[in-house]
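Subject: Structure handover

Hello,

Here is the structure I promised to pass on. My notes on it follow below.

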Amino acid sequence: MLLLTGKQSKLNDDYTQSKIGIPGLVLMERAALSIAERVETLIAEDKVRFYKRKPKVIAIAGMGNNGGDAVAAARILCQRNNDAAIVLIGNPDNATESMKKQLEIAGNLCVDTECCFVPDGDESKYEAFKNVIESADILIDGLFGVGLSRDLDNNYKKLIEVINASDTYKVAVDIPSGIDCTTGRVRGDAVMSNETITFGFMKYGLVVNEGRLYGGKVTVSEIGLEISPTGYDDDDISFRAIPDERMKMLLPYRNPNSNKGTFGKVLVVAGSDEIYGAAYLSAAAAYKTGAGLVKVFTSEVNKDNLMNMLPEAMIGCYKKGDILSDEEEENLKKSVEWADTVVIGPGLGTGQKSRTILDVVADAGKTGKCLIMDADAINICASDKAEGITGLEIFKKAAASFNGKMIITPHIAEMARLVRTIDLEDNDSGFTERIIDPDRDNFKASDIREYIKTVSDNISETAVRMAERFGITVVLKDARTHIASHGIGREVYVNLTGNSGMSTGGSGDVLTGIIAALVSGIHNIEEAGMGYFAQTVAISVKLHGAAGDAARQLKGERGMLATDIIEGLDKVLS
């Protein structure tokens, strides 16, 4: 499922009209009809409130084509014997040609225009506008569309404040006015919609950042738009999401003529002298998701606890202390050789012994095997030099050793530390400058807060550049996790499942186990190709979120534990 930016939406609209040949007014009529029909459904559903009177519908229309959709929707509602009127925002002389045509049609049919309001700071005008808005039961928001790319001035912000202050039900046309379709950010202020009807394809700005909140319930209406095969710049990112109905269908195939070795062998290098829970969560999640065999390599102090909690898993141990012995190092190498997929990092710690363990794993990789680097493994790679090899050198070695099949799963702060290390130690401040505006003031390479903001504001670009630069797959975790991978161009998967209850300790450890199980289920990674590999990683993230959503139904969001997410896997996979 495509998620379109504002620019991509405009390209597809132009292509549909100029190359396919569907007139813009036809597309506008289809869009308006879908809005009008949704409004009529809302009226029919509220039988108690509207039993003895017709509800008042006000279409707020700017001078662009988004406003034309709203005007046409009001006209259709009037033609169907509903009480609908138009409020124009701006100077009609500056309207697009399609908007002017819709105003002409509405005028010919005597559709009421409540007022024509040009935001100019005159308080008396805002008071009059407020009275009109408060007279409505349902508002159709057609002020700004997907083409908005600038911050609103104070006059428009005051207008939107009036709209948001009203308790009317608000239906946004394509995207809430004031939301940037390309980033999901608020451009000064934005209409807080109850629901949004978007056309042709889901918009990226409706699923990320503030757009998730301001869009309300989102419905995609098919109006005949086609995808343009050309016109995209090389720097454009293509966003995709895996539809809910295709998640199970796209899981790696399970051959009925199989044994426990068929579905992959997962090694979990996790835990430390003080921590065993992370190792358990990753290993248990891998088993629950279908891994055939799971082995945990951890401190010997964790052995009894892990054997009691997860008797299905094999355990390999190293002695408590600061040094990894030659025998323990050899056992770790053999364990990596045994595994199809290695998870390293959850609860591992960042001391010298943990660094040695990570270095051994980085050395032991080979083509066809997969490495998932999480949590403390990433922190080690982002840390300053301790003894011998630097963390960044270990990172590069691991990426080369596992030959394109390394996955990293950082959250925003972990990625920020890693990007900062690249800038400081790899003589490449340009890595950051290509992500952000190089002219941005007050950016200091030593300030981790600036890096966190940079990564957060540029999550997709950061993921893509990291994947391309090191030949890896990046799972950049946030409220909306983004997945990028080398070898598939500037394509990013965006996960749309999950909830706030998953913001709990251990949730990321569960995710690494799920990813490990599914990529281990790919019987020939090299033959499958990077497209299928990246898609499997994206499905893993979606499955993790879906399990969290299942756990929410049973436990609620506030008190959810990582173990509840593992239990949620049963419901999702059954």
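Helices (H or I, at least four residues) and strands (E, at least two) are DSSP runs, numbered from the N terminus. This is a predicted model, in which local features need pLDDT of at least 70 and side-chain atom pairs count only at pLDDT 80 or more, while totals for chains, interfaces and linings use all residues. Residues are numbered from 1 along each chain as its sequence is written, and side-chain values use heavy atoms, with hydrogens and water left out.

N403 is not a glycine. Most residues other than glycine have a negative phi. N403 sits in the loop between helix 13 and strand 16. Its relative accessible area is 38%, so it counts as partly exposed. The cut-offs are these: buried is under 20% relative accessible area, exposed is over 50%, and partly exposed is in between (1.4 Å probe, protein chains only).

C110 also has a positive phi, near 60°, and is a residue other than glycine. It is found in the loop between helix 4 and strand 4. C110 is exposed, with a relative accessible area of 64%.

Helix 13 itself has these buried residues: G391, L392, I394, F395, A398, A399 and S401. They pack against helix 11 (352-364), strand 15, helix 12 (376-381), strand 16, helix 14 (412-425) and helix 17 (459-470). Contact here means heavy atoms within 4.5 Å.

Two strands pair if DSSP finds at least two bridges between them. Axes are lines fitted to C-alpha atoms, for helices over the stretch in contact, and angles run from 0 to 180 degrees between N-to-C directions.

Look at strand 3 (residues 83-89). Six of its seven residues are buried. Strand 3 pairs with strand 2 (residues 56-61) in the parallel sense, over six bridges. I58 stands opposite A85 in strand 3. From strand 2 the chain crosses through helix 3 (residues 65-79) to strand 3, a right-handed β-α-β crossover. Right-handed means that, with the strands pointing away from the viewer, the path from the first strand over the helix to the second runs clockwise.

Strand 3 also runs parallel to strand 4 (residues 112-117), and five bridges join them. C115 in strand 4 is the bridge partner of V87. The chain crosses from strand 3 through helix 4 (residues 97-108) to strand 4, and this β-α-β crossover is right-handed.

Strand 6 (residues 169-173) and strand 7 (residues 195-199) are parallel too, over three bridges. There, V171 has E195 in strand 7 as its bridge partner.

Another open sheet has 12 strands, in the order 8-1-10-19-18-17-16-15-14-11-12-13, and its pairing is mixed. Its edge strands are strand 8 (202-203) and strand 13 (314-318), each pairing on one side only. Helix 18 packs on this sheet, touching strand 11, strand 14 (341-344), strand 15 (370-373), strand 16 (406-408) and strand 17 (473-476). The direction of helix 18 makes about 170° with that of strand 14.

Strand 11 (residues 265-269) and strand 12 (residues 293-299) run parallel, joined by five bridges. V269 stands opposite F297 in strand 12. Helix 19 (residues 525-555) lies across strand 15, strand 16, strand 17, strand 18 (482-485) and strand 19 (491-494). It runs at about 170° to strand 18.

**S520**

S520 lies in helix 18 (residues 507-520). It is buried, with a relative accessible area of 5%. A polar atom of its side chain lies 2.8 Å from the backbone oxygen of A516. Not counting residues up to four places away in sequence, S520 touches F263, G264, K265, V266, D340 and T341.

Best wishes

How values were computed:
A polar contact is a pair of N or O atoms within 3.5 Å; within protein, one must be able to donate a hydrogen and the other to accept it, and residues adjacent in sequence count only if both atoms are side-chain atoms.
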